[in-house]
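Please examine the sequence and the structure shown here. A short report follows them.

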Amino acid sequence: MELKQLTLAIMAASTLTLAGCGSDSDSANAGQQNGDNQTSARQWSTPVALTDGSNYNSLEMFDGAGNKPMMVTQKLSTLYSREFDGSNWSDETQISPIDPNQQLNWDINSNGKAIMALSTQPVNTSNNFKECALTYLRYDGTRWDSDSVTTRLLGNTNANYFCTDIEDLNVALAGDDSLLMTWRRRDLDNSYYQFCGSNNQCATAPEAQANPIGVRFTRGIGLGHDGKGHVLKLNLPATGHISVSIAGFDTAPGKGLGSSTLASSTSTSSRAASMAVNDASHGLVAFGEGSSTLQARFHNGSSLSPAVTLADDLPEHGDPILQTYLSDGSDYGLTLWRELDNTTETGKTRLRSNISSASVFKASSTQHQPEGEFTHDRFSGDINDNGKAVIAWFGYSLDANNDRGPATLYSRIYDGNRWLDVEVIDNSIDTNDLSTLKIGVYIDNSDDVTLVYTAKKTDQDILTEPAAKLFYSRFSTSNSHIAAARLQNNSDKQGASKEEAEQIKAELEGAGAEVEVK
């Protein structure tokens, strides 16, 4: 939003109530507002529905680069993409057909290009048996390729081979447009990789023997600007303890997977592990240690920093859902996780986070959800090169019969120094089918935030709008938007002092607006 001219008419004998910046508590109740805390002016735009509820719409993936958010949605059996230009969403662009058994993932590099990995189920014309093809499509910053590239073709001589045996399909796109793809074969109980150059020349032919990663699971991959990056490996032996390690990777011809460095000790019993990699090929790694501890380490491109404990009170039953984010052009990190404690009759959840800068982590982690609420396992976060972050999640409560009440969509902003108060973006969300709730959030380097989500509202007509809708909302942390929101929130109140008006006027003029105080 660009402010051109704003005229403030102020009555002399009254006051204007200004909003504060919110609570900076890192305690277990940090997400709650109370009478001692001033709340930040609401800056989220009213959610706008991009689709009606007449047809099935599902948010599959959402991210952004170069201040341009982009999403991939599924409508019926087809994938579509949309881009946001700062004011409006583009029309839907059809990408590819998809069926429920297909694996799907993507990555966007900082140049605004994208790669999408897809599993497809072609038929071998020589024997009429089904095969599973692992393919990818490129997005050049303007349009998606019409034809996919097959990197791996899996089949049997005398039987069908179904893509349901493939899981954990992942893909990473480097700044030089080379790529890395990983997947797990359940039938062989092992993980594999393939890498290709910007010219789509891959390390091995689709029918050749795949390159093994050497462990049963991968928990994250990422590439930097130069095609170098990391693979996060989870070793889960038949007997003994789980271990987490990180291996270097290079997409240059003749290169590939490098040697591994152990990230965790060999005593962990947790399968939780996550990694984010930025343009400099630096990595933020978080992982479970022991039965109740969450730790993190930073990789500076050559070595791992010492482990830092983010939490030592995780529930011993049930691994946390863990996400890591690292800013593209700097080393600001966000580690975000949801804990589920199944030891009580109804269970209990907590949503917590830790902010980091390279190998320096916050001394304590922050809990975000209001007490007594459950956090749905679909939540999202992001952090930019300015060290500002955003998280968003769905929360709901249980009644006396343990039935779910309507959900609320929450968000919280980290302004570079502290977490501002929790804000409500939307409410009255139907929780009868939690699978419809999906969410994604992106903060660009102008500190503007874009949030998209799918949800079914409780007031939708079951006959005319039986499906979830696709919504979006925007937020800005710039001074002009803060001041404008303060004025908007107080415009119907009785006047203000001229000194207060002049202060807001200075903020707006600093952002390029023309302001007259009367």
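## Overall composition

The model is predicted. Its protein chain contains 35 strands and two helices. Of the 518 residues in the protein chain, 53% are buried.

When contacts between residues at least 6 apart in sequence are considered, 53% of them join residues at least 24 apart. The protein chain has an accessible surface of about 22500 Å², and carbon and sulfur atoms contribute 43% of this area.

Glu-83 belongs to strand E5, which spans residues 78–83. With a relative accessible area of 18%, Glu-83 counts as buried, because the limit for a buried residue is under 20%.

The side chains of Glu-83 and Tyr-139 form a polar contact at 2.3 Å. Beyond the neighbours within four places in sequence, the residues in contact with Glu-83 are Lys-68, Pro-69, Met-70, Asn-88, Trp-89, Ser-90, Tyr-139 and Thr-142.

## The sheet E28-E29-E30-E31

Four strands form an open sheet in the order E28-E29-E30-E31, and their pairing is antiparallel. Strand E28 (374–383) and strand E31 (423–429) are the edge strands, each pairing on one side only. From one strand to the next, the twist averages 15°.

Within this sheet, strand E29 (residues 389–396) and strand E30 (residues 407–414) run antiparallel and are joined by seven bridges. Val-390 has Ile-413 in E30 as its bridge partner. In general, strands of a sheet pair through backbone hydrogen bonds, in either a parallel or an antiparallel manner.

Technical notes:
Residues numbered from 1 in each chain as written. Predicted model: local features only at pLDDT ≥ 70, side-chain atom pairs only at ≥ 80, totals over all residues. Heavy atoms only, no water. Buried < 20%, exposed > 50% of the residue type's maximum accessible area, 1.4 Å probe, protein only. Contact = heavy atoms within 4.5 Å. Areas by Shrake-Rupley, 256 points an atom, 1.4 Å probe, with all protein chains shown as cover. Polar contact = N/O pair within 3.5 Å; in protein donor to acceptor, adjacent residues only side chain to side chain. Pairing = 2+ DSSP bridges. Axes fitted to C-alpha atoms, helices over the stretch in contact; angles between N-to-C directions.
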